[in-house]
Amino acid sequence: MKVDGMRAWVSRMGWGVQQPGVFSRFADSETEERYSATARALRMPFVRLYCVIFMIVSLAYLITNPNLVSQAQNAELAIYLGASLAVAGGYICVTFWDAYVRHPIIDFIALLLLSLLVGRANYVLFEYLAGADAGLHVVAVINRLVLAAFAAVTLAGRPRLFVIWLVADMLAWFGSALNDLDQPAFIFAALSYFGGSAVMFAICLAVGRTSRSAFILADGLDNERRKNEELVHNMLPPAAVQRIRDGRVVADSYADASVIFIDMVGFSMLARRISPGHLVELLNSFFNQADNLAAVHHIEKVKTVGDSYLAIAGGNIESVNSADSAIAFARAVIGCVHELRQVAGVDTVGLRVGIHSGPVVGGVIGATRMAYDYWGDTVNIAARLQGAAPFNGIAISESTWLRARSRDDFGTPETMTLKGVGDLTVYHASIGPGEGEATVEPVAA
C-alpha cells in the first residue's frame, strides 16, 4: 500500500518517470547514465573505506604470517597479499578520476582481481591449517562472502554484472576445493557458500531497486525545484529573489529609466465580436510577441493589465540609452499590428504607445502573489502619454526626446494638458501597421 501510495503521489506531481523493474534499465539512456553516475558517486566514499579496511587487514596478515606459517608459505602469501594491497591502493586512486563514475567496469575488474588474490592466499593458509583438522572451507566461505557483500553493494544497479562476478568467484572457490569433494566439511561449506551468495544477490537487487526509486524521487524533486526556480525568476529579478530569501526589503531607485505604456485600441469592440477563448488566445499571442521583442531590445516587461502592456528600459535590465531602447521597442511592437489584425480578422485594432523618461522606484510589496513593480510620476506620465498618442503611433515626452539619439518621425512638439499632470511638451510619431519591424535594429544593452 505504501509503494502504491508513493507511486500515486509521484504521478500526481507529474514527474512521469516509469518505475524500473528488477533487471530493467531506464527507457531514456541519458536518465540511465545520470542515475548510474549519481549512484556511483554516492557509493564512492564507501568504496574507498572498504579498500582501506581491506588494506589494513592484508597488512595485519603480512605481519602475522611469519610467526604462523613456514618460510615458503610466507613468501607465497606475501606475493598474493602484496598484489592485493597494490590492487586495493590502485582502486582507491582510480576513484579520484573524474570519469570513474561513468565506468562501472572498473569496479568489476578490481573486485575480480581481489577475489582471485584473496582466494589464492586463503588456499595457502588452509593448506597450512589442514594438519590442525580445522573447518577450513567454512573459514574460506566466510572470507569470500565478506568480499561478496562488498561486491553486492558496489555493483548495485548492475545485477547482471554482479551475477557474472559471482559466477567467476564461485568457479574460483570450487576449483580450490576440488581435492576435498569427498569430505563432509565441503558439503557444509558449499551450502554456506551458495546460500550466502544467494543472499548477496538479493542484497544487490534490493539496493539497486531502492536506489533507483530514490533516484526517481530525487530527480523529480530536482526537476520541480528547477521549474519553481524558473517560475520565480520569471516573475522577479534574480537580485530581488535573493533578497527575499534573505528576508530583506526589496526597494530600488533608478535615476534614468524610460517607461513604456502600450494600450490596444479597439479592444472593447473586439471583445464583443469574438468568443472569450479566442480573445484570450489573441491577447496571449500578441503579448508573447511583445515579450520576445522586449528580450531583443533589452526591455524589462513589468506587467500586463487587461489589454495594456507596461515595460521599462533602464531598470533591472541595463541599457546604454533607455530612451533609444524604449523607442526601438515601441516601433517593433507596432510593426506587429498587421499580424494582430490578421489573427483578429478586423482592421480596427491598433496600438497607442506612451513613453516618458525619468526617475522611478521599483520593488516588491506584500507576501502573497509577489511581483516586482515600478512607481512614481514617470510611470503615471507614460500612462497619460499613451492616451495622447496617435492611432498606431507613439507619444513621447520632451524628457525622452532629449535623451534619445534616434528622433526620426517625431515632428514638431505640441504642448498638451494631461489629466493629473498638467501642461507637457509632447512629440508624436505615427507608424503604419507592418512598418518598423524590418528596419529597426535592437539597441545594444
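Trainee: Is cysteine 51 buried or exposed?
Mentor: Cysteine 51 counts as buried, at 1% relative accessibility. Buried means under 20% relative accessible area, exposed over 50% and partly exposed in between, with a 1.4 Å probe and protein chains only. Please note that this is a predicted model, in which local features need pLDDT of at least 70 and side-chain atom pairs count only at pLDDT 80 or more, while totals for chains, interfaces and linings use all residues. Residues are numbered from 1 along each chain as its sequence is written, and side-chain values use heavy atoms, without hydrogens and water.

Trainee: How many disulfides does the structure hold?
Mentor: The number is 0, where a disulfide is a pair of cysteine sulfur atoms within 2.5 Å. For cysteine 51, the nearest cysteine sulfur belongs to cysteine 93 and is 9.9 Å away.

Trainee: Which residues of the largest nonpolar core touch the most other members?
Mentor: They are Tyr91, Tyr100, Leu111, Leu147, Phe150, Phe162 and Trp165, out of 42 residues. Such a core is a set of buried Ala, Val, Leu, Ile, Met, Phe, Trp, Tyr and Cys residues joined through side-chain atoms within 4.5 Å.

Trainee: Which helix supplies the largest share of this core?
Mentor: H4 does, with 11 residues. Helices (H or I, at least four residues) and strands (E, at least two) are DSSP runs, numbered from the N terminus.

Trainee: What does phenylalanine 162 touch?
Mentor: Leaving aside residues up to four places away in sequence, phenylalanine 162 touches Ala148, Ala151, Ala152, Leu155, Met200, Phe201 and Cys204, a contact being heavy atoms within 4.5 Å. Phenylalanine 162 is buried, at 0% relative accessible area, and cysteine 204 is buried at 1%.

Trainee: And what kind of aromatic pair do phenylalanine 162 and tryptophan 165 form?
Mentor: Their pair is stacked, at 6.1 Å centre to centre with 20 degrees between the planes. Rings of Phe, Tyr and Trp (its six-membered ring) pair if their centres lie within 6.5 Å; planes under 30 degrees apart count as stacked, over 60 as edge-to-face and the rest as tilted. The two residues are 3 apart in helix H6, so about one helical turn separates them.

Trainee: Changing topic, which residues do ring pairs link into a cluster?
Mentor: Phe286, Phe287, Tyr309 and Phe329. Tyrosine 309 lies in strand E3 and phenylalanine 329 in helix H11, so the pair ties together parts that are 20 residues apart in sequence.
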